[in-house]
Amino acid sequence: MISLTDSQKIGIGLMGFGVFFLFFGMILFFDKALLAMGNIFFVVGLAFVIGLERTFRFFFQKHKMKATSFFLGGVLIVLIGWPIIGVILEFYGFFLLFRGFFPAVVSFIRRIPVLGYLLNLPFISGYVDKVSESNNMV
């Protein structure tokens, strides 16, 4: 079992709230306030989970500057008040930032009984295999 510190537990909770607020904000037709709160909770939660220094090192690596600019630019645009454009930029930046984690996530999800079955369906498995073939190191 993985041992978590109290700050990591708080970070996981903040990230959970962030994902919830982002999802709920999109359901409510891109509500600016909910999306902004979700963005702030997610980024602060990430800093709590992996630490402030490692968060900065993760976001500001040379080869990830394009992805970071899209992600943080999307957050800024949501905070300014253009939620649809901001969310699109955020998702693209999020995909570029975390695409190195997708193979591990896909292999984990394939071990879950119902979700693994869904990922192995013929019309979905080809797409999932293509996404999980990413050889980019994090």
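Student: What share of the 138 residues in the chain is made up of buried residues?

Tutor: In this predicted model, buried residues make up 30% of the chain. A residue is called buried when its relative accessible area is under 20%.

Student: Why does leucine 22 count as buried?

Tutor: The relative accessibility of leucine 22 is 18%. The cut-off is under 20%, so leucine 22, at 18%, counts as buried.

Student: Where is leucine 22, and which residues does it touch?

Tutor: Leucine 22 sits in helix α1. Leaving aside residues up to four places away in sequence, leucine 22 touches Leu34, Leu35, Gly38, Asn39 and Glu90. To be said to touch, heavy atoms must come within 4.5 Å.

Student: How far is leucine 22 from phenylalanine 42 in sequence and in space?

Tutor: The two are 20 residues apart in sequence, and their C-alpha atoms are 9.0 Å apart in space.

Student: Why is phenylalanine 29 called exposed?

Tutor: Phenylalanine 29 has a relative accessible area of 75%. Phenylalanine 29 lies in the loop between α1 (6–27) and α2 (32–50).

Student: Which class does phenylalanine 30 fall into, buried, partly exposed or exposed?

Tutor: Phenylalanine 30 is found in the loop between α1 and α2, and its relative accessible area is 26%.

Student: What can be said about phi in phenylalanine 29 and in phenylalanine 30?

Tutor: Phi is near 60° in phenylalanine 29, a positive value in a residue other than glycine. In phenylalanine 30 phi is about 55°, again positive although the residue is not a glycine.

Student: What makes the buried residues of α8 line one face of the helix?

Tutor: Helix α8 covers residues 122–132, and its buried residues are Ser125, Val128 and Ser132. Seen down the axis of α8, these buried residues fall within an arc of 70°, so they line one face of the helix.

Student: What does the face of α8 turned away from the buried side carry?

Tutor: That face carries the exposed residues Phe123, Tyr127 and Lys130.

Student: Which helices do the buried residues of α8 pack against?

Tutor: They pack against α6 (102–109) and α7 (113–119). Serine 107 is in helix α6, and its C-alpha atom is separated by 8.1 Å from that of serine 132, 25 residues along the chain.

Student: Why is serine 107 called partly exposed?

Tutor: Its relative accessible area is 33%. Since 33% lies between the cut-offs of 20% and 50%, serine 107 is partly exposed.

Student: How do you know which class proline 122 belongs to?

Tutor: Proline 122 lies in helix α8 and has a relative accessible area of 69%. That is over 50%, so proline 122 is exposed. From proline 122 to glutamate 133 there are 11 residues in sequence and 17 Å in space, C-alpha to C-alpha.

Student: How many helices and how many strands does the chain have?

Tutor: The chain has eight helices and zero strands. Read from the N terminus, the order of elements is α-α-α-α-α-α-α-α.

Student: Which residues does UniProt list for "transmembrane region"?

Tutor: The unreviewed UniProt entry lists residues 12–30, 36–56 and 68–85 under that feature. In the model, residues 12–30 are 84% helix and 0% strand, with end C-alpha atoms 24 Å apart. Residues 36–56 are 95% helix and 0% strand, and their end C-alpha atoms lie 20 Å apart.

Student: How much of the contacts with a separation of 6 or more comes from residues 24 or more positions apart?

Tutor: Such residues account for 52% of those contacts in the chain.

Student: What are the figures for surface and charge?

Tutor: The accessible surface of the chain is about 9300 Å², and 74% of it belongs to carbon and sulfur atoms. There are 11 positive and 6 negative side chains, and the centres of the two sets lie 6 Å apart.

Definitions and conventions
Residues numbered from 1 in each chain as written. Predicted model: local features only at pLDDT ≥ 70, side-chain atom pairs only at ≥ 80, totals over all residues. Heavy atoms only, no water. Helix = DSSP H or I, 4+ residues; strand = E, 2+ residues; numbered from the N terminus. Buried < 20%, exposed > 50% of the residue type's maximum accessible area, 1.4 Å probe, protein only. Areas by Shrake-Rupley, 256 points an atom, 1.4 Å probe, with all protein chains shown as cover. Lys, Arg positive; Asp, Glu negative; His and termini not counted. Charge placed at Lys NZ, Arg CZ, Asp CG, Glu CD. Arc of directions from axis to C-beta. UniProt positions renumbered as here; feature names shortened; annotations may be inferred.
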